[in-house]
Amino acid sequence: MKSRLASYLIVSGLLLTMASCNTSDSYGTKSTMAKTDDMPTAPTTGPDGTLALPADYKSWPKFLVEIPKAEPKQVRDIYINHTGARTSAGQPFPNGTVMVMEIYKAKMDGDKLATTMDGKLIKSNLAKVFVMGKNEGWGATVAEPLKTGDWIYSAYDPAGKPLMEDFTKCRACHAPLAQKDFVHRYDEYFEKRGRM
């Protein structure tokens, strides 16, 4: 009986050790330690276009949703991982923060944008998904004036296939926001957080 119990404990210990030492995280990357949060893995190629699209991002907290963009005829939903969602107002987002932005085409009514009774744009088909992630040194190789701290960017089509985007456009759009950790709608997020 004692030898069976000892064998059971040894096997259980080995299984627990193996489970914590060689797992695949939600980003599809092998890690050498147990996954404790939705921390992104370091990119392996260039600075942009290397972040994986997290499979579970729709379960993350909402950053902001139903953001109307009339000029490009879009509606956007943004999700933030739990690492970023723990940030306090006025603070930069910590390393390990990932945001995923879904870009939907706005529904059209003939040649005009369709709206709800209260004037909001209506989502049509998903057009693209962008990923924005931050970790130490990730933006180090980017030349000024396109440096956005340690943030890097990736893009995907609606099926999750990587897109070859011109990420200088993303960087040029985010670069003027250094005082807000290069994040659009920073103040609006903290004002609305907890009400969504």
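## Lysine 134 and its partners

Let's start with a polar contact: the side chain of lysine 134 meets the side chain of aspartate 181 at 3.0 Å.

Where does lysine 134 sit? Its place is in strand E8. Is lysine 134 buried or exposed? It counts as buried, because its relative accessibility is 9% and the cut-off for buried is under 20%.

## The sheet

Strand E8 belongs to an open sheet of five strands, in the order E3-E4-E5-E8-E9, with antiparallel pairing. At the edges stand E3 (62-69) and E9 (151-156); each has a single partner strand, so one side of each has no neighbour in the sheet. From one strand to the next, the twist averages 20°.

Helix H3 (residues 167-174) packs on this sheet, where it touches E8 (123-134) and E9. The direction of H3 makes about 135° with that of E9.

Elsewhere in the sheet, E4 (residues 74-80) and E5 (residues 98-106) run antiparallel and are joined by seven bridges. In this region, valine 75 stands opposite tyrosine 104 of E5.

## Two nonpolar cores

In soluble globular proteins, nonpolar side chains tend to be buried together. Here, the largest nonpolar core has 22 residues. Those with the most contacts inside it are Phe63, Ile80, Phe93, Met99, Trp151, Val183 and Tyr189. Which elements give two or more residues to this core? They are E3, E4, E5, E8, E9, H3 and helix H4 (186-192).

Phenylalanine 93 is worth a look in the viewer. Leaving aside residues up to four places away in sequence, it touches Phe63, Ile80, Met99, Trp151, Val183 and Tyr189, among others. Its contacts also include Lys134 and Asp181, the two residues whose side chains make the polar contact at 3.0 Å.

Apart from this core lies another one, of eleven residues, including Tyr79, Val98, Val100 and Trp138.

The chain averages a pLDDT of 81, and 75% of the residues score at least 70. Among the elements, E5 has the highest mean pLDDT (97), while strand E2 (residues 30-31) has the lowest (30).

Over residues 1-36 the pLDDT is below 50, and this stretch has 30 contacts in the model beyond near neighbours in sequence. Where pLDDT is low, the predicted coordinates should not be read in detail.

How values were computed
Residues are numbered from 1 along each chain as its sequence is written. This is a predicted model: local features need pLDDT of at least 70, side-chain atom pairs count only at pLDDT 80 or more; totals for chains, interfaces and linings use all residues. Side-chain values use heavy atoms; hydrogens and water are left out. Two strands pair if DSSP finds at least two bridges between them. Helices (H or I, at least four residues) and strands (E, at least two) are DSSP runs, numbered from the N terminus. Axes are lines fitted to C-alpha atoms, for helices over the stretch in contact, and angles run from 0 to 180 degrees between N-to-C directions. Contact means heavy atoms within 4.5 Å. A nonpolar core is a set of buried Ala, Val, Leu, Ile, Met, Phe, Trp, Tyr and Cys residues joined through side-chain atoms within 4.5 Å. Buried means under 20% relative accessible area, exposed over 50%, partly exposed in between (1.4 Å probe, protein chains only). A polar contact is a pair of N or O atoms within 3.5 Å; within protein, one must be able to donate a hydrogen and the other to accept it, and residues adjacent in sequence count only if both atoms are side-chain atoms. pLDDT is the predictor's confidence in each residue, from 0 to 100.
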